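I opened the notebook to record what I looked up in this structure. The entries follow the order in which I checked things.

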Amino acid sequence: MNPVVVRSLLALLTGLSAAAAEPSLRERAAAHGLAFGTAIKPGPLQDDAAYRATLLRHFGVVTPENELKFKRLRPTRDRFDFAVADRMVDFAVEHELAVRGHTLVWVADSHAPAWLLAEPVEREHAASLMAEHINTVMKRYAGRVRDWDVVNEAVSNDNRPGADFLVDGYWRRAIGDGYMALAFKLARRADPTARLFYNDYDHGDALGRKSDRIYALLKRFRETGVPVDGVGLQLHCRIDRPPSREALEANFHRLKALGLIVQVTELDVATMSDPRPETERLAAQAQVYADVVAAARAAGIDAVVTWGFTDRFQQGALVKRLKLPADTPTPMWLFDEAYAPKPAFEAVVRALE
Ligand code: XIL
């Protein structure tokens, strides 16, 4: 038999038998009122039965990893392309998975299509482009996408004194700092049933400058009637800089106290830049996953969503950013390349006991 076929059959069998034997993460988490989810990729969702079996056994919430981003949905000024996104949302609805829509307004120019950057930097013009986008996308998925990341990564990571509070980009240049409030208002009107989120990274610990900025921003939104329902903490973690469980829990609590739905939206744990031997790295990874889930459970947040679930697919963008050799594997998730549960999986199960 063709070796590729043999390999896929083996992976399928391992995936199916493992999936049948393991405790289900979504069921374990649900016992604590916590939803458990993952980002999904269109290729394996279509071609890989073991991918689907593991997904459906363990996860109740899905986020299309890239397919609902502005750049993907709007390849040109005049054309929306919903083909792949529709397929993913249809799959989720068919299998009764909740969908996180990611993301409507991502201000950084590096995440905008070239055509948008060539548009006039003018308030009315940009506001009407934004309205067109939010209306078209949210109305299409109304009743099918439960949660939307309306604004993504708007607060700056620059911790130097006097540094700009907000990330720059087309929407902000044209509309001003009010672009965020406008996005939330448009989103509320486009689909009043959707839960609207502000989503960002590096605000895991309650004491960091960036988390304080995000907290202050969301507090102001709540006080001034900007219709934001929730906050997403991405939590792209590294074992050489593990988050503090206590600080995470404290941050979850203070965000909840603003009346916000709190979710971990993009959890993954990179091991690649750590020099320890493999078994130690996997144990450290398990500890980070367990700490995040334990903090989530203790603070009673709404959901933990991992940014993928199998080591089978390389996170190429991150390998590039860390300047690692192009073929470096990225074992960042709960299941290995053949969908077998890793120490991190067992640790999450224990954290949910
Ligand atoms: C990442 C995807 O995982 C990659 O496949 C893509 O190349 C770049 O974007 N913050 C976010 C996510 O909000 O959309 C990013 O996803 C990871 C960081």
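How far does a polar side-chain atom of Trp307 lie from an oxygen atom of the ligand? I find 2.9 Å. That passes as a polar contact, a pair of N or O atoms within 3.5 Å; within protein, one must be able to donate a hydrogen and the other to accept it, and residues adjacent in sequence count only if both atoms are side-chain atoms. Taken alone the ligand exposes 420 Å², and the protein buries 75% of that. Accessible areas are Shrake-Rupley values with a 1.4 Å probe, and for residues only the protein chains shown count as cover.

Ground rules. The model is predicted: local features need pLDDT of at least 70, side-chain atom pairs count only at pLDDT 80 or more, and totals for chains, interfaces and linings use all residues. Residues are numbered from 1 along each chain as its sequence is written, and side-chain values use heavy atoms, with hydrogens and water left out.

**Ligand site.** I listed the surroundings next. The ligand has 13 residues around it, where near means a heavy atom within 4 Å. The closest are Glu65, Lys69, His102, Glu153 and Trp307. His102 places a polar side-chain atom 2.6 Å from a ligand oxygen. For Glu266, a side-chain N or O atom is 2.9 Å from an oxygen atom of the ligand.

**His102 to Thr103.** I checked the backbone here. The peptide bond from His102 to Thr103 is cis, with omega near 5°. Thr103 lies in strand β3. Helices (H or I, at least four residues) and strands (E, at least two) are DSSP runs, numbered from the N terminus.

**Thr265.** I found this residue in strand β8. Why does Thr265 count as buried? Its relative accessibility is 0%. The cut-offs are under 20% relative accessible area for buried, over 50% for exposed, and partly exposed in between (1.4 Å probe, protein chains only). The side chain of Thr265 makes a polar contact of 2.7 Å with the side chain of Asn199. I also looked for contacts, meaning heavy atoms within 4.5 Å. Leaving aside neighbours within four places in sequence, Thr265 touches Arg100, Asn199, Gly232, Leu233, Gln234, Val305 and Trp307.

**Core.** The largest nonpolar core has 108 residues. Such a core is a set of buried Ala, Val, Leu, Ile, Met, Phe, Trp, Tyr and Cys residues joined through side-chain atoms within 4.5 Å. Those with the most contacts inside this core are Met130, Ile134, Trp148, Trp171, Tyr198, Leu218 and Phe252. Helix α13 (residues 278-299) gives the most to this core, with 10 residues. Beyond four places in sequence, its contacts include Leu68, Gly101, His102, Val137, Tyr141 and Phe197.

**Helix α10.** This helix covers residues 179-190. Its end C-alpha atoms are 16 Å apart, which agrees with the 16 Å that its 12 residues should span at 1.5 Å a residue. The expected span is 1.5 Å times one less than the number of residues. Nine of the 12 residues are buried, so α10 is largely enclosed by the rest of the structure. Among them are Tyr179, Met180, Phe184 and Ala190. The buried residues pack against β3, α8, β4, α9, β5 and α11.

**Helix α12.** Residues 245-256 form this helix, and from first C-alpha to last it reaches 16 Å, close to the 16 Å expected. Its buried residues are Ala247, Leu248, Asn251, Phe252, Arg254 and Leu255. Their cover includes α11, β6, β8 and α13.

**Positive phi.** Most residues other than glycine have a negative phi, and most peptide bonds are trans. I noted two exceptions for phi. Leu235 is not a glycine, yet has a positive phi of about 60°. Leu235 sits in the loop between β6 and β7 and is buried, at 8% relative accessible area. Lys323 is not a glycine either and has a positive phi of about 60°. Lys323 is in the loop between α14 and α15 and is exposed, at 74%.

Ala21, in helix α1, is exposed at 66% relative accessibility. The C-alpha atoms of Ala21 and Asp200 are separated by 36 Å. Glu27 is in helix α2 and exposed at 57%. From Glu27 to Ile134 the C-alpha separation is 34 Å.
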